[in-house]
Amino acid sequence: MPFGVDEAGKGPALGSMFAAAVHCEEPDVLPEGIADSKRLAPERREELAATLREDDRIAVGSSEIPPALIDDPETDMNSLAVRAHAEAIEATLDAPAAPVSGLCDACDTDADRFARRVTDACGLEVDLVAEHGADDDDPIVGAASIVAKVARDAHMAALADEYGSVGSGYPSDPTTREFLESYVAETGELPPFARESWSTCTNVLAESQQTGLEQF
């Protein structure tokens, strides 16, 4: 497949979701060691992402979906994943004279439906297939996975520089939970990069407000 697409950060309670697309005509130009980003150490992901971006034979594009969009009641995460994939493809490909084939990691239980939705949302002529686990099975989707994950990690690192340790942003991360509880206790509100509609965030806010009431 000439291009691959994947996302990072669909499930966290903090920060943006990112999607990335990687395009190259010959898969053998991809650097060695490409794999699903979750299988690689952060330092290795950063090295591979830099190599991908520096190679003139490889085109890389990305898209960011911020928390404000994620919290919009007029949309949902599957639709935003579709939008992110389509924007990443558009940022990667020049207007092709003929449809370009691509593969994306499906963000929907129905992989074919996801592929159709991304194709319809994309302003370019593409012949897209979606598969579950494509980031693990296909090198070019694995490359996109790495780029998206590195973008997400850089985003979280920038937030940590400004707000202190925020963890990974995932609800299961104790550091993230501790940050949320501490921030809400001190300010009475959620941080500006929280996904306010996520149950993790609404529960922390509700618990803090209840504690405040009980003190009177």
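Here's a quick rundown of the fold, the surface and the cysteines in this structure. Keep in mind that you're looking at a predicted model. The protein packs 8 helices and 5 strands, and its radius of gyration is 19 Å, close to the 17 Å that the globule rule gives for 216 residues, so it's as compact as a globular protein of that length.

**Fold and overall shape**
- Reading from the N terminus, the elements go β-β-α-β-α-α-β-α-β-α-α-α-α.
- If you take the contacts with a separation of 6 or more, 70% of them link residues 24 or more positions apart.

- Of the 216 residues in the protein, 48% are buried.

**Cysteines**
- Searching the whole structure for disulfides turns up 0.
- Cys 24 is in no disulfide, and its nearest cysteine sulfur, in Cys 104, is 16 Å away.
- Cys 24 has 2% relative accessibility, so it counts as buried.
- For Cys 122, the closest cysteine sulfur is also that of Cys 104, but at 11 Å it's too far for a bond.
- Cys 122 counts as buried too, because its relative accessibility is 8%, under the 20% cut-off.

Technical notes. Residues are numbered from 1 along each chain as its sequence is written. This is a predicted model: local features need pLDDT of at least 70, side-chain atom pairs count only at pLDDT 80 or more; totals for chains, interfaces and linings use all residues. Side-chain values use heavy atoms; hydrogens and water are left out. Helices (H or I, at least four residues) and strands (E, at least two) are DSSP runs, numbered from the N terminus. The radius of gyration is taken over C-alpha atoms; the globule rule is 2.2 Å times the number of residues to the power 0.38. Buried means under 20% relative accessible area, exposed over 50%, partly exposed in between (1.4 Å probe, protein chains only). Contact means heavy atoms within 4.5 Å. A disulfide is a pair of cysteine sulfur atoms within 2.5 Å.
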